[in-house]
Amino acid sequence: MMRVNDARSPNQACENGISLDLFLHVSLVPAFLIMAVLSFLQKRAGRTAIDNKFPVLNGHFGIVVPLDFIGSLSNRWSYGFAFGAVSSSVMLLFSEAYLPFNVPAWASAIVYLVGALEVGLAYFPFFACLSTPFRAVGGVLGLLYTMAWVIVTLWDTVTCPAGKVLGSYQKPVFQWPCIVCLFFLLGRFVQMLVKALRIHLQLEGEEAQEQLMETHQAKYIQSLLRSYSRGLEQQHQSLKKSWFQRKVYAWDPYFKFPNRMIGTSIISLIGLYIMTLADYSLSDYAFDKLDTLKDSLKDLVAACNDTNNAFAAWIPQLEEFSNVARGAWLATTIFASLTSVTYTFHVLVCYRKHLRRLWAGQKSFLPERYHNPSSAVSVAAIAKYSGWQIAFTLWGYLIIHFVQFLFALLIAYLVVLPVRHGRGLAALANLGFVLLTVGIVMALVTVQLVLVQVFFLQDKISPTDKQKPLALNNRRAFHNFNYFFFFYNVIMGLSNCVLRLLVSCVVGTWLVSRIDRTIMQRGYESLDPGYSTWIGMIFADHYHGNPVMVCFCHLLLVDRLQRQRAASSYSQFNHISTASVAGSRARRRWRLLYTLMRNPRLILLRKRHTSALRPCLDTAARAYVLASQSERPGGDSQIHASETGQMPSC
């Protein structure tokens with residue numbers, strides 16, 4: 001397998017193939033065109049001054065939303081695979097090598113900003129075509145754009161599979177998750193196009209618009225409103241869960257993870273896969289270089305023919321270290337990968353658990369200063385969380401791996417190698433000495449607790465109490481106890497101080513990728529930006545997605561729509577087309593004439609716009625009324641001229 005000293009991105013340029021880095025820059029042109037087309041189709045909610053200045057716009061060129069990071073719960077897995085297609089380019093953001101220009105070192109932050117904007121614009125069509133309400137246009141544009149990415153990715157992978165990290169088969173190994181995600185998106189856009197065509201041909205009904213309240217939220221509200229007996233029955237059924245549901249994970253039918261959490265988890269898992277492969281390959285290359293150095297030392301000693309050379313004593317130790325380090329690195333690679341993958345899923349579990357507690361009004365699990373976080377911090381946390389969680393996961397893997405590697409070397413040199421070299425008894429003696437010292441310290445701490453519990457606390461007030469009350473007994477003996485143990489606790493405090501520092505370092509590095517937990521002590525949580533982002537995000541999701549609040553707003557909207565429909569059902573002219581002003585006016589006048597002919601008494605109640613027409617309308621109305629009465633059975637058929645009068649010339 002080919003190995004070189006520099007570890008670059010898997011998407012390096014190849015002389016005989018198409019570089020994905022180059023295509024990333026080229027794809028900005030079609031991505032911008034697709035964004036312009038979708039923006040033209042999207043109507044703005046209100047007209048602005050520019051519409052009056054340029055009437056041809058007519059409300060077009062609205063803002064295109066690629067993905068709803070807060071409220072949308074539809075199409076979650078499609079967006080998740082779109083995030084998976086983006087993962088390879090997200091990994092490129094850790095390097096500046098793919099940028100087409102060089103900048104000074106002080107402008108590195110601007111370089112990362114330009115790279116992030118470029119990647120976001122290049123993959124914008126994937127998300128925008130999935131979320132656009134114009135399914136036919138989105139399906140066609142998304143299909144063509146995704147097909148271009150699939151063709152270029154496959155061509156680059158097949159024609160130039162070699163790379164700088166894994167050798168001859170680097171790109172197929174690195175790129176297959178992204179290729180699978182691209183093929184899924186290809187099938188999704190085909191399905192969108194077929195469905196839009198069937199709706200156009202009236203072979204299938206229109207999709208129902210996304211409602212404010214989702215089905216799982218309605219079920220959650222129903223579960224809250226169930227009776228107590230029903231709750232006991234469900235609690236009895238919950239005891240019948242399987243071992244996996246009780247110990248590992250239990251599915252919740254009343255909760256759905258938003259698009260943001262699913263996409264973040266998918267990119268984190270794919271990034272861990274790529275990072276693990278690159279990490280193992282680079283370590284293998286480093287250990288090969290160490291073996292080469294060992295062989296060079298052997299050749300140097302053999303050439304000098306001096307067995308007493310200082311280098312000759314290093315060779316066995318160097319060879320032993322190489323073998324131990326290679327095995328320890330491989331073992332810790334597996335454990336660190338499993339730990340990071342477990343953390344990725346555990347963050348999802350904690351997200352659900354924390355949101356359910358906030359829905360129930362419980363905030364005791366949070367530090368007091370975070371019970372009412374700032375609104376600006378919470379909204380900004382929505383934008384920051386996904387990127388920070390991915391970075392924390394990848395960097396956390398490297399840190400955890402290094403810490404586990406150090407512990408593995410420590411165990412190997414303190415336990416394994418002495419036993420292998422026949423010094424097992426000495427190693428056990430040293431280990432026994434350490435354990436005995438720690439045991440004595442712990443025993444003396446326990447003795448202090450037992451003495452206080454037995455001799456220096458008063459008896460229980462009630463036999464049913466779990467512990468004795470906080471009331472001293474034998475005060476004189478207690479003062480002597482404090483005096484003599486004072487000097488020993490000074491010595492024991494030193495060891496506990498060192499132990500506290502070591503434990504905090506180990507736990508802090510072990511939990512560095514856990515953004516849902518702070519690695520700072522109480523009172524200093526604000527110094528942990530990752531934890532502050534997590535708190536702000538769950539509060540934003542709590543305020544925008546609380547099922548009780550969403551149900552309340554849904555009921556308000558439904559009641560308002562029902563009132564509007566009841567008020568508008570009186571009129572028969574609500575659905576008249578307003579395409580032609582003249583036609584609409586003629587129809588209104590015809591309906592007015594028909595109404596007045598059927599209801600002649602309404603003529604007397606109409607408003608007169610001119611006083612000149614009033615005598616004509618009054619005389620005509622009286623004549624029409626008297627004529628209609630004379631035609632009734634038993635009515636007077638003779639109409640006197642005095643009653644009708646002379647009809648004025650109207």
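The legends below describe close-up views of a predicted model.

Residues are numbered from 1 along each chain as its sequence is written, and side-chain values use heavy atoms, with hydrogens and water left out. Because the model is predicted, local features need pLDDT of at least 70 and side-chain atom pairs count only at pLDDT 80 or more, while totals for chains, interfaces and linings use all residues.

**Figure 1. Overview of the chain.** The chain holds 21 helices and 0 strands; helices (H or I, at least four residues) and strands (E, at least two) are DSSP runs, numbered from the N terminus. Of its 650 residues, 34% count as buried. Buried is under 20% relative accessible area, exposed is over 50%, and partly exposed lies in between (1.4 Å probe, protein chains only). The chain exposes about 41200 Å², of which carbon and sulfur atoms supply 65%. Accessible areas come from the Shrake-Rupley method with a 1.4 Å probe, and for residues only the protein chains shown count as cover. Among contacts with a separation of 6 or more, 72% are between residues 24 or more positions apart; a contact means heavy atoms within 4.5 Å.

**Figure 2. Helix α2 and its buried side.** Helix α2 covers residues 28-41, and its 14 residues should span 20 Å at 1.5 Å a residue; the end C-alpha atoms are 20 Å apart, which agrees. The expected span is 1.5 Å times one less than the number of residues. Ala31, Ile34, Leu38 and Ser39 of α2 are buried. These residues cover an arc of only 135° around the axis, which puts them on the same side of α2; the arc is that of the directions from the helix axis to the C-beta atoms. Val29 and Leu33, on the other side of α2, are exposed. An α-helix has 3.6 residues a turn, so residues three or four places apart point the same way. The buried residues of α2 pack against α5 (108-122), α6 (124-131) and α7 (135-159).

**Figure 3. Helix α5 and its cover.** The 15 residues of α5 reach 21 Å from the first C-alpha to the last, close to the 21 Å expected at 1.5 Å a residue. Val111, Gly115, Glu118, Val119 and Ala122 are the buried residues of α5. Seen down the axis, they fall within an arc of 95°, so they line one face of the helix. On the other side of α5, the exposed residues include Ala109, Ile110, Leu113 and Leu117. The cover over the buried residues of α5 includes α1 (20-26), α2, α4 (76-92), α6 and α7.

**Figure 4. Salt bridge between Asp541 and Arg260.** The side chains of Asp541 and Arg260 meet in a salt bridge at 2.2 Å, N to O. Asp541 lies in helix α17 (residues 529-545) and Arg260 in helix α12 (residues 259-304), so the pair ties together parts that are 281 residues apart in sequence. Both Asp541 and Arg260 are buried. A salt bridge here is a side-chain nitrogen of Lys or Arg within 4 Å of a carboxyl oxygen of Asp or Glu, and by this rule the count comes to 5.

**Figure 5. Salt bridges around Arg326.** Arg326 and Asp284 form a salt bridge through their side chains (2.7 Å, N to O). Arg326 lies in helix α13 (residues 310-359) and Asp284 in helix α12, so this pair ties together parts that are 42 residues apart in sequence. Arg326 counts as partly exposed at 26% relative accessibility, whereas Asp284 is buried at 15% relative accessible area. Arg326 also forms a salt bridge with Asp291, with the closest N and O atoms 2.8 Å apart. Asp291 lies in helix α12 and Arg326 in helix α13, so this pair ties together parts that are 35 residues apart in sequence. Through salt bridges that share partners, Asp284, Asp288, Asp291 and Arg326 are joined into one network.

**Figure 6. Nonpolar surface patch that includes Val415.** Phe407, Leu410, Ile411, Leu414, Val415, Val416 and Val419 form a nonpolar patch on the surface, with about 620 Å² of accessible area together. Patches are made of residues with over 30% relative accessible area and no salt bridge; like charges are joined within 9 Å and nonpolar side chains (Val, Leu, Ile, Met, Phe, Trp, Tyr) within 5 Å. Val415 is found in helix α14 (residues 375-420) and, at 39% relative accessibility, counts as partly exposed.

**Figure 7. Leu472 in a loop.** Leu472 lies in the loop between α15 (424-455) and α16 (475-510). Its relative accessible area is 33%, which means Leu472 is partly exposed. Leu472 and Leu457 are 15 residues apart in sequence, and their C-alpha atoms are 4.9 Å apart in space. Leaving aside neighbours within four places in sequence, Leu472 is in contact with Phe456, Gln458 and Phe478.
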